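Let's take a walk through a protein structure together.

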Amino acid sequence: MTLPAKKKSFDLYAMTWRLPIIVWQLIFFVGPLLFMLAMSFFVVKNYRMVEAFEFTNWERMLGRGYFWDSYLLTLGLASLSTIVAMVIAFPAAYALAFKVSDNVRRWAIFLLIIPFFTSYLVRTFAWYVILAESGVINAFLGYLGLGPYTMLNTKFGTLVGYMTLTLPLVVILQTFALSNIDTRLVEAAQNLGCKPFAAVWRVVIPLAKTGLIIAALFCFILSFGDFVAPYYLGGSKPPTLPILIIDTTKSGQQWPRAAVVAVVMMVTLFAVAYAALTAAYRKRGRT
Amino acid sequence: MTLERGLTWFLRAWVGVVFVFVFTPIIFSLIFSFNSQRFPTIPLGEFSTQWYETILADRDVWQAAWTSIIVAVSTSILATFLGFCTAYSDYRYNFRFKGAYLALILLPPTIPLIIMALAMLAWFSRIGASGQVWSIIAAHTVLTAPFAMAIIRLRLSQMDDNLEAAAWNLGASEWATMRHVVLPFCKPAIVSAACLCAAVSFDEFAIAWFVSGLNKTVPVVILEIVTGNIDPQVNAIGTFVFLTSMTLVVAAQLLFIARAARGMKQGAET
Amino acid sequence: MASNNKSSFLTPSRRDVLKYGGAAALSMPFVSRAWAQTVEINMLAWYGHGEPDIVGEFEAANNVKFKPKYYAGGDNMLGLIAQSPAGTYDIILSDGEFVQQLNAAGYIEELNAADYNFDDMLHDDFKQFPGHWADGKLHSVMVRCGHLGVSYNKNAVTAEEAQSYKCFWKPELKGKVGHFDWHLPSLGMMSLTNGNGAGLWDLDDAKWAAVKETTMSLRPQAGGFFDYGGTFNSLKNGEMQAMCGIGDWITGVLEKDGAPVASVVPKEGGIQWTESYCIGKGSEKQEIVKKFIQYMLSPDGQVKSAQMAAYPGFAITKAGRARLNEVDKKEAERTGQVDGMPNDPITLIKEGRIHYRDIPKQQSLEDWNDFWSEYKNA
């Protein structure tokens with residue numbers, strides 16, 4: 001772009017566009033997050049928060065066995081959710097990217113956007129009724145002489161909830177990632193005698209790597225931070241970190257401890273995101 | 001080649017399975033909303049509109065709808081304005097710390113809502129603004145501005161670089177160029193960004209639940225019914241939320257998304 | 001079943017209110033202005049207390065509008081008050097045992113004892129409920145109560161088995177025992193299981209350790225930790241066959257809906273939940289709030305409380321009980337609120353089988369809550 005170089009000390013026009021978001025985000029985004037970090041060092045006396053700088057909350061939370069159990073559980077569930085979502089979504093995204101007409105693809109994407117605009121809570125509540133022991137699925141299985149199976153209040157239930165939240169997004173992102181690759185490369189590989197599965201594994205996936213990793217990352221972030229699925233479909237048994245945050249805020253104004261949990265979650269997410277993005281944008285080495 | 005064709009059909013069937021999974025809860029919630037049972041089970045009870053009658057007659061639901069509309073409209077205006085400013089800054093200028101600048105606006109959606117909710121409520125309590133309607137608006141603006149920014153930035157990238165410069169050469173000031181060239185060009189993106197921001201805000205419950213205090217929005221009412229005296233009203237309310245959001249999305253789709261996709265495709269082909 | 005529920009949900013009087021509300025709602029743009037003229041009363045309460053079946057008549061008669069904020073558990077309530085500016089809540093429905101804390105923190109106004117008819121209370125304890133008076137000053141008025149014990153599905157647990165908390169450990173109930181997700185009632189029951197009787201809240205280190213051990217031994221049986229709605233649903237649809245930490249306030253609603261569930265006070269004793277109204281410190285609407293509390297203590301208010309759609313509570317005044325027996329004999333009999341019935345709640349209290357829910361005496365709430373988190377994660 002060739003724009004006239006501006007050397008004014010203060011460019012009113014430029015700043016009109018540049019500053020609003022800085023001011024807004026400092027007050028309503030950076031401010032709250034930094035305050036939360038500070039809050040993790042406050043103390044609570046008689047149900048009132050007192051500003052202080054003490055490590056008691058950190059010692060207390062990090063010193064609890066249940067905190068680390070919950071941490072590992074949340075990490076494990078979110079990873080599992082990511083793997084399951086990626087595996088379920090991939091064939092669908094592959095079909096949408098390569099095996100259907102443009103028109104069908106557009107409609108499919110449009111339909112996949114719909115869930116984002118139905119209340120996630122309402123959808124979860126519907127699953128609750130569907131998965132119940134006297135619910136739709138078990139009633140159906142009953143006709144076949146099977147079951148009933150316990151699906152609610154299990155990790156399976158939690159996973160169904162996570163999929164409800166993440167699967168449409170993962171399919172969309174994967175479809176975009178796959179649509180963007182140059183199909184001539186795939187054809188070339190097949191012409192050179194590469195079998196379909198090998199072509200997917202050795203050509204398609206590496207080419208779409210960046211988009212796929214981003215899809216997985218979003219899935220992980222959403223599952224890691226969701227409290228609805230593990231609470232309503234998993235029976236908070238055992239509780240994940242987001243449920244721990246809510247429990248902690250509910251119990252007698254223990255906000256500083258909730259803040260500790262939140263900070264640990266954020267650090268974890270940043271680490272995962274950093275690792276994922278590094279992997280996503282790393283130049284491919286020789287194969 | 002039979003393997004190939006079998007595979008193709010398998011893949012298409014798989015898409016069907018995914019769609020069944022995605023739409024099962026949506027369809028069932030619609031069915032339950034017309035079902036007489038308070039605790040819906042199988043077999044279904046009789047057809048009934050009692051849940052719709054209940055919510056239509058419930059002033060709390062109407063009040064929440066009103067709050068939600070105020071929040072969604074204000075949020076969409078603010079977020080779209082901020083999104084536009086940022087998208088234009090990114091399009092037009094290079095400056096120091098631009099990476100940090102962009103991170104500032106693009107980060108919020110990557111932070112779990114429950115954490116944002118906790119941080120927001122603590123912060124608003126600290127500055128003495130908890131439980132206000134505008135505190136929900138502020139929080140939702142942070143959350144939705146990135147979406148507005150992304151949509152508008154996409155549109156700007158379709159604008160000819162020389163368009164602005166040509167206007168300047170013809171003697172127009174930067175402000176006039178903005179008004180007569182840039183804004184009209186971005187108009188469809190701005191409208192669809194506003195629709196999307198409104199729709200996201202209309203559905204958000206975690207932050208609204210923490211921050212809202214007594215000024216409940218519709219999703220907070222849903223959450224209270226689900227945690228409280230659970231009953232199929234939630235399905236009826238859900239239907240309304242769905243219709244509202246879909247209206248906004250379809251509007252956005254008609255106005256921009258389809259056009260942008262076509263534009264991008266043409267760009268890619270040429 | 002559904003129609004039965006519906007009739008309790010939509011009483012004629014409410015219908016009128018609803019019609020009025022519906023008409024108002026249709027004229028959306030004018031709504032907010034029209035409501036501005038009515039006085040808004042901010043209420044902090046357990047779920048259901050601000051719903052039309054309770055407050056509708058009072059609202060219509062006095063041109064007021066309740067704006068409820070619901071909480072679950074006293075700790076939750078204290079947290080919500082602490083994070084709101086003073087004077088936010090005009091009326092607070094508190095659990096009896098938390099009135100003390102509210103008072104100590106300066107969140108509630110002093111009440112004038114002469115405004116309320118204490119002589120009509122069914123039990124002497126209700127006149128001077130622990131913590132409601134401090135230095136001869138009244139701070140809160142009890143309005144309803146209920147009993148917690150063994151709540152069970154009749155298809156899975158027999159009435160005899162339900163006579164002891166031990167039934168929660170029944171092998172067939174593995175993974176089928178739910179918990180109401182709040183430490184006080186569940187741990188209180190564990191303490192009763194250990195035979196602590198009237199000293200259930202007053203646990204020295206050894207007894208507290210024993211309660212923890214008993215609780216932990218129940219963990220393999222536990223099928224989930226539920227809030228209000230989850231408790232309802234999981235008992236109703238059979239996910240959970242027994243529930244620890246609740247009582248008739250949940251099973252009563254389900255029973256009326258036709259579910260095969262019941263609650264009994266077992267031989268180890270039961271726990272009483274007590275709900276009391278307080279006026280929020282700095283409220284500008286004290287007069288009308290006082291009027292509302294008087295209304296809830298009146299026979300009509302007591303019947304509304306006993307029939308509350310969200311969860312039923314016992315009438316605590318003699319006149320209230322009499323009115324309930326007049327207008328809804330069935331509900332009075334179902335809950336034993338008939339003089340002379342063996343399971344009359346007042347009789348149970350007099351027999352010493354009921355213990356008022358309280359906060360732990362020797363540990364802090366924090367300790368209990370902490371252990372509860374540990375238990376859930378075990």
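Let's begin with chain B. Chain B has 270 residues, and 53% of them count as buried. Now think about contacts in chain B between residues at least 6 apart in sequence: 79% of those join residues at least 24 apart.

How confident is the prediction here? Chain B averages a pLDDT of 87, and 93% of the residues score at least 70. Within chain B, confidence is highest in helix H3 (residues 59–92) of chain B, at a mean of 94. It is lowest in helix H11 (residues 233–269) of chain B, at 72.

Next, let's look at the inside. The largest nonpolar core has 168 residues, and those with the most contacts inside it are B:Ala117, B:Leu118, B:Met120, B:Ile207 and B:Ile222. Setting aside its neighbours within four places in sequence, B:Ile207 is in contact with B:Leu113, B:Met116, B:Ala117, B:Met120, B:Ala139 and B:Leu143. Apart from this core lies another one, of 100 residues, including C:Leu78, C:Cys167, C:Val177 and C:Trp273.

Now for the places where chains meet. Between chains A and B, 66 residues of chain A are in contact with 65 residues of chain B. Which helix gives the largest share of chain A's side? That's helix H1 (residues 12–39) of chain A, with 17 residues. Sorted by class, the side of chain A that touches chain B has 54 nonpolar, 9 polar and 3 charged residues.

Chain A also meets chain C. Here 24 residues of chain C are in contact with 25 residues of chain A. On chain C's side, helix H5 (74–82), strand S9 (222–226), helix H10 (228–236) and helix H17 (365–377) of chain C each supply at least two residues. H17(C) gives the most, with 7 residues. By class, this side of chain C has 7 nonpolar, 12 polar and 5 charged residues.

Stay with chain C and find its sheet. Strands of a sheet pair through backbone hydrogen bonds, either parallel or antiparallel. In this one, 5 strands form an open sheet in the order S9-S8-S10-S7-S11 (chain C), with mixed pairing. S9 and strand S11 (261–264) of chain C are the edge strands, each pairing on one side only. On average, neighbouring strands of this sheet are turned by 25 degrees against each other, direction ignored.

You can see both kinds of pairing here. Strand S8 (residues 177–180) of chain C and S9(C) pair in the parallel sense over 4 bridges, and C:Val177 stands opposite C:Ala222 in S9(C). Strand S7 (residues 150–153) of chain C and strand S10 (residues 242–244) of chain C, on the other hand, pair in the antiparallel sense over 2 bridges. There, C:Tyr152 has C:Ala242 in S10(C) as its bridge partner. Helix H11 (residues 248–256) of chain C packs on the sheet and touches S7 and S11 of chain C. The direction of this helix makes about 150 degrees with that of S11(C).

Is S9(C) enclosed or open to the outside? Because 5 of the 5 residues of S9(C) are buried, this strand is largely enclosed by the rest of the structure.

Last, zoom in on C:Gln241, in the loop between H10 and S10 of chain C. Why does it count as buried? Because 22 other C-beta atoms lie within 10 Å of C:Gln241, and the cut-off is 20 or more. Leaving aside its neighbours within four places in sequence, C:Gln241 is in contact with C:Tyr152, C:Asn153, C:Ala156, C:Val157, C:Leu173 and C:Lys176. C:Gln241 and C:Val150 are 91 residues apart along the chain, and their C-alpha atoms are separated by 11 Å.

Note on methods:
Residues numbered from 1 in each chain as written. Chains lettered and ligands numbered in written order. Predicted model: local features only at pLDDT ≥ 70, side-chain atom pairs only at ≥ 80, totals over all residues. Buried ≥ 20, exposed ≤ 12 C-beta atoms within 10 Å, placed from the backbone. Contact = placed C-beta atoms within 7 Å. Nonpolar A, V, L, I, M, F, W, Y, C, P; charged D, E, K, R; others polar. Core = buried A, V, L, I, M, F, W, Y, C linked by C-beta atoms within 7 Å. Pairing = 2+ DSSP bridges. Axes fitted to C-alpha atoms, helices over the stretch in contact; angles between N-to-C directions. pLDDT = per-residue confidence, 0-100.
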